[in-house]
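This report covers one protein chain.

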Amino acid sequence: MTSTVAQAAPAPKWTLVIHGGAGVIERERLTPQHDREVRAALDRALEAGSKVLSTNGSSLDAVEAAVKVLEDDPHFNAGRGAVFTYEGRNELDAAIMDGRTRAAGAVARTTRTRNPVSLSRAVMEKSPHVFLSGEGADQFSVEQGLEQVDPSWFATPERKRQLDEMKAKKVGWYDVDLKYGTVGAVAIDANGHVAAATSTGGLTGKRWGRIGDSPVIGAGTYADDRACAISGTGAGEYFIRIGVAHEICARIRMKGETPKQAADAVIAELGAIGGTGGVIVTGPGGSADWSFNTPGMYRGKANSEGVKKVAIYGDEG
């Protein structure tokens with residue numbers, strides 16, 4: 001007699017989820033070439049992280065590898081291609097977190113480290129601190145032997161054009177078109193450990209040393225083996241006020257919600273107070289989820305079972 005009981009699919013041995021920013025990302029705003037180039041960049045980031053995980057590497061190594069690919073690609077607002085401050089500078093923020101121990105490292109307003117995500121990891125592993133900023137972060141980077149570049153390396157003509165356009169419109173505090181391009185990655189490895197990393201150039205036209213949610217542990221980045229790993233992108237001021245990343249993990253731990261349920265609930269709360277953006281999430285069981293309340297989010301996922309997907313627009317699932 002044949003059993004009719006459905007067999008649950010085995011949990012993936014490892015999972016990787018990435019994002020390249022959420023915002024007003026619509027088909028009519030992207031040329032076919034830009035669409036192809038963004039998808040190719042997301043695919044390269046998935047390949048870099050998957051290579052680590054498929055050879056029994058750690059989730060921490062995987063998220064750093066994936067984010068470095070996105071930092072080096074000028075299509076995203078992180079590393080090379082970061083947006084300009086009001087004064088015409090590129091100031092970079094990043095964070096990384098290890099779900100095994102909840103160790104974390106973060107940097108803000110760095111100006112010379114090619115890959116800020118690697119600097120945030122150095123802060124976590126090589127310093128007694130969690131969060132460094134400005135000149136101190138740049139000095140620590142040199143002391144750690146990380147690759148340095150001239151600040152002009154981060155600048156691109158398109159980002160300068162965006163700043164000039166914003167200033168010409170006299171729209172207010174910063175870019176109101178909400179072209180968020182923050183990048184991030186979350187992963188769970190074959191040993192069941194999660195990690196998260198996020199990197200950004202902030203908002204076009206940001207002023208007065210503004211720092212967003214990306215490097216703030218618990219706001220734009222969080223990882224805890226007991227619950228999940230989260231990386232966010234969006235209106236940082238709102239993510240900070242809610243503590244989006246930690247809130248999602250707390251709902252999973254305390255309420256028993258699935259990662260998708262928790263992410264959707266917190267993004268709904270974000271929207272209720274006027275915030276926009278999105279998150280990616282994975283956790284025990286190897287789920288690969290995202291949630292966003294913007295027209296689109298650059299995103300992708302891969303796992304040990306052969307799943308591999310990149311997407312841009314809201315109707316792509």
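## Cavities

The lining of the largest cavity is made up of two nonpolar, nine polar and two charged residues; Ala, Val, Leu, Ile, Met, Phe, Trp, Tyr, Cys and Pro count as nonpolar, Asp, Glu, Lys and Arg as charged, and the others, Gly among them, as polar. This cavity holds about 100 Å³ of space. Of its 13 lining residues, T182, T200, R210, D213 and G234 are the closest to the centre. The search over the whole structure finds two cavities of 30 Å³ or more.

A cavity is a set of points, on a 1 Å grid over the protein atoms alone, where a 1.4 Å probe fits but cannot get out, and lining residues have an atom within 4 Å of a point. Points are joined across faces, edges and corners, and the volume is the space filled by probe spheres set on them.

## Model and confidence

The model is predicted: local features need pLDDT of at least 70, side-chain atom pairs count only at pLDDT 80 or more, and totals for chains, interfaces and linings use all residues. Residues are numbered from 1 along each chain as its sequence is written, and side-chain values use heavy atoms, with hydrogens and water left out.

The chain has a mean pLDDT (the predictor's confidence in each residue, from 0 to 100) of 93, and 94% of its residues reach 70 or more.

## Helix α4

Helices (H or I, at least four residues) and strands (E, at least two) are DSSP runs, numbered from the N terminus. In helix α4 (residues 134-143), G134, A137, D138, F140 and S141 are buried, meaning under 20% relative accessible area, with exposed over 50% and partly exposed in between (1.4 Å probe, protein chains only). Seen down the axis of α4, these buried residues fall within an arc of 160 degrees, so they line one face of the helix; the arc is that of the directions from the helix axis to the C-beta atoms.

E135, V142 and E143 are exposed on the other side of α4. The buried residues pack against β3 (103-110), α3 (116-126) and β4 (131-133). Just after α4, G145 has a positive phi of about 75 degrees.

T110 lies in strand β3 and is buried, at a relative accessible area of 0%. Leaving aside residues up to four places away in sequence, T110 touches N90, E91, L92, P116, L119, A137 and D138.

R109, also in strand β3, has a positive phi near 60 degrees although it is not glycine. R109 is partly exposed, at 29% relative accessibility. R102, in the loop between β2 (92-98) and β3, is another non-glycine residue with a positive phi, about 60 degrees. The relative accessible area of R102 is 42%, which is partly exposed.

Terms used:
1 Å grid on protein atoms, 1.4 Å probe; cavity = no way out; pocket = protein on both sides within 12 Å on 5 of 7 lines; lining within 4 Å. Contact = heavy atoms within 4.5 Å.
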